[in-house]
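Please keep the structure open as you read.

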Amino acid sequence: MFRITGEPIDAQLLHAIVRDGDGGVVTFFGIVRSAADDDKRVSGLWYEAHESMALREFEAIANEARLRFGDVRMAIVHRIGELRPGEISVAVLASAPHRAAAFDACRYAIDQLKQRAPIWKKECYADGAAVWKDGR
Amino acid sequence: MKVHVLAFARLREILQAPQRSLELPEAARAADAWAALERDRPALAAERSSTRVARNGRLVSFDETLREGDELAFLPPVGGG
């Protein structure tokens, strides 16, 4: 399941990909923080994406995870638009027969997504300033 | 020929539009499209070295030759998550 959505992310939805026989499910949620790295107060984040390219990148990342870690199913959902502190910006779920592959695949997918997916975020501060944040 | 340009994040802000169409000579390259935009918005010049370009959803070099109706997306450094 690979999605870009303007609506709040429903964590339950991702569980639809879990299959009978999967004994380990690992979920990662990225949450909008209320403070920036320099402690400035964040009022919200703005996300935008090249949607078709981002979805293809999600699929490519999941395929790579399967090659590296074996039998694992993945769901990757990223929100776009305006988000407030506390909201989920991204959810990654990895489901596998055993926990090791699920942990590894989940970590791999979120790390790769941040580096590669054509998605951008602007940090908006309580004082009215705003900065585009490049991936790290 | 006409190509369809998409711009994201800081590039979108400089262009003051998420998309626009560009009229270019036949056999123009992605770099020619960028140059046309830059003539219009000189502030783009500082973004060129960090920008990647995708033609019809695939990353290409700025030397890529364009065709009528192409979608050309200019992508600044990404930062999702």
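1. Leaving aside neighbours within four places in sequence, A:Ser95 is in contact with A:Val18, A:Arg19, A:Asp22, A:Gly24, A:Val25, A:Asp71, A:Val72 and A:Arg73, where contact means heavy atoms within 4.5 Å. This serine belongs to strand S6 of chain A, residues 88-96; helices (H or I, at least four residues) and strands (E, at least two) are DSSP runs, numbered from the N terminus.

2. A word on the basis of all this: the model is predicted, so local features need pLDDT of at least 70 and side-chain atom pairs count only at pLDDT 80 or more, while totals for chains, interfaces and linings use all residues. Residues are numbered from 1 along each chain as its sequence is written, chains are lettered from A and ligands numbered from 1 in the order in which they are written, and side-chain values use heavy atoms, with hydrogens and water left out.

3. Is A:Ser95 buried or exposed? A:Ser95 counts as buried because its relative accessibility is 0%; buried means under 20% relative accessible area, exposed over 50%, and partly exposed in between (1.4 Å probe, protein chains only). Its side chain makes a polar contact with that of A:Asp22 at 2.5 Å. For a polar contact, a pair of N or O atoms lies within 3.5 Å; within protein, one must be able to donate a hydrogen and the other to accept it, and residues adjacent in sequence count only if both atoms are side-chain atoms.

4. Now to the interface. Chain A and chain B bury about 1,700 Å² between them, with 51% of it on carbon and sulfur atoms; buried area is the accessible area (1.4 Å probe) that two parts lose on being put together, summed over both. On the chain A side, A:His50, A:Trp120 and A:Trp132 lose the most area to chain B, together 35% of what that side buries. The contact draws 24 residues from chain A and 19 residues from chain B.

5. Polar links across the interface deserve a look too. There are 16 residue pairs in polar contact between chain A and chain B, both at pLDDT 80 or more, and 3 salt bridges. A salt bridge is a side-chain nitrogen of Lys or Arg within 4 Å of a carboxyl oxygen of Asp or Glu.

6. Within chain A, A:Arg79 and A:Glu87 form a salt bridge whose closest N and O atoms are 3.0 Å apart. A:Arg79 counts as buried at 7% relative accessibility, whereas A:Glu87, at 23%, counts as partly exposed. Over all chains, the structure holds 20 salt bridges.

7. Finally, helix H2 of chain B (residues 30-40): which of its residues are buried? They are B:Ala30, B:Ala31, B:Ala33, B:Trp34, B:Ala36 and B:Leu37. Their cover includes strand S1 (2-7), helix H1 (9-15), strand S2 (19-23), strand S3 (52-55) and strand S5 (71-75) of chain B.
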